[in-house]
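Good morning. I will take a few minutes on one structure, and I would like you to keep it open while I talk.

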Amino acid sequence: MFARVTQYKMKADSIDAATEMMHSLKDQIMALDGIHQFINLMQPDGSGYVISVVDSEETSDKNAEKVSALWANFGPFLEAMPTPAGFDVLVDWKA
């Protein structure tokens, strides 16, 4: 498995609108090829991380264009467009 981790910063006055936008895009996000898990973490100041776990790095790379298009929806809410980093998943424990 492979994880794409993206650090972002929302504008302070746009957190509610960005959260609403994210929920409206759920079906598109969860329809990405090979997706196992999607987690969005955010601090009250609008800084956060998206963690997306997919089958492989190859799958993540194939999804890159669709992911960029999804992020584009958040352009008005972001301080800057984020850049993802990729990681091999060493452990995926669940309770």
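First, the ground rules. This is a predicted model, in which local features need pLDDT of at least 70 and side-chain atom pairs count only at pLDDT 80 or more, while totals for chains, interfaces and linings use all residues. Residues are numbered from 1 along each chain as its sequence is written, and side-chain values use heavy atoms, with hydrogens and water left out.

Helices (H or I, at least four residues) and strands (E, at least two) are DSSP runs, numbered from the N terminus. Four strands form an open sheet in the order E2-E3-E1-E4, with antiparallel pairing; two strands pair if DSSP finds at least two bridges between them. E2 and E4 are the edge strands, each pairing on one side only. On average, and ignoring direction, neighbouring strands are turned by 15° against each other. Axes here are lines fitted to C-alpha atoms, for helices over the stretch in contact, and angles run from 0 to 180 degrees between N-to-C directions.

Inside the sheet, E1 and E3 run antiparallel and are joined by eight bridges. Lys 9 stands opposite Ser 47 in E3.

Now the helix. H3 lies across E1 and E3 and runs at about 25° to E1; contact means heavy atoms within 4.5 Å.

On to the pockets. On a 1 Å grid over the protein atoms alone, a pocket is an open set of points where a 1.4 Å probe fits, with protein on both sides within 12 Å along at least five of seven lines, and lining residues have an atom within 4 Å of a point. Points are joined across faces, edges and corners, and a volume is the space filled by probe spheres set on them.

How big is the largest pocket? Its volume is about 270 Å³. It is lined by 19 residues, with Ile 29, Phe 38, Val 50, Trp 71 and Phe 74 nearest its centre. Strand E1 (2-9), helix H1 (15-24), strand E2 (35-42), strand E3 (47-54) and helix H3 (57-72) each give two or more residues to this lining. The largest share, four residues, is from E2.

The second largest pocket has a volume of about 190 Å³. Its lining has 13 residues, and Arg 4, Ala 64, Val 67, Ser 68 and Pro 84 are the closest to its centre. Which element gives the largest share of this lining? H3 does, with six residues.
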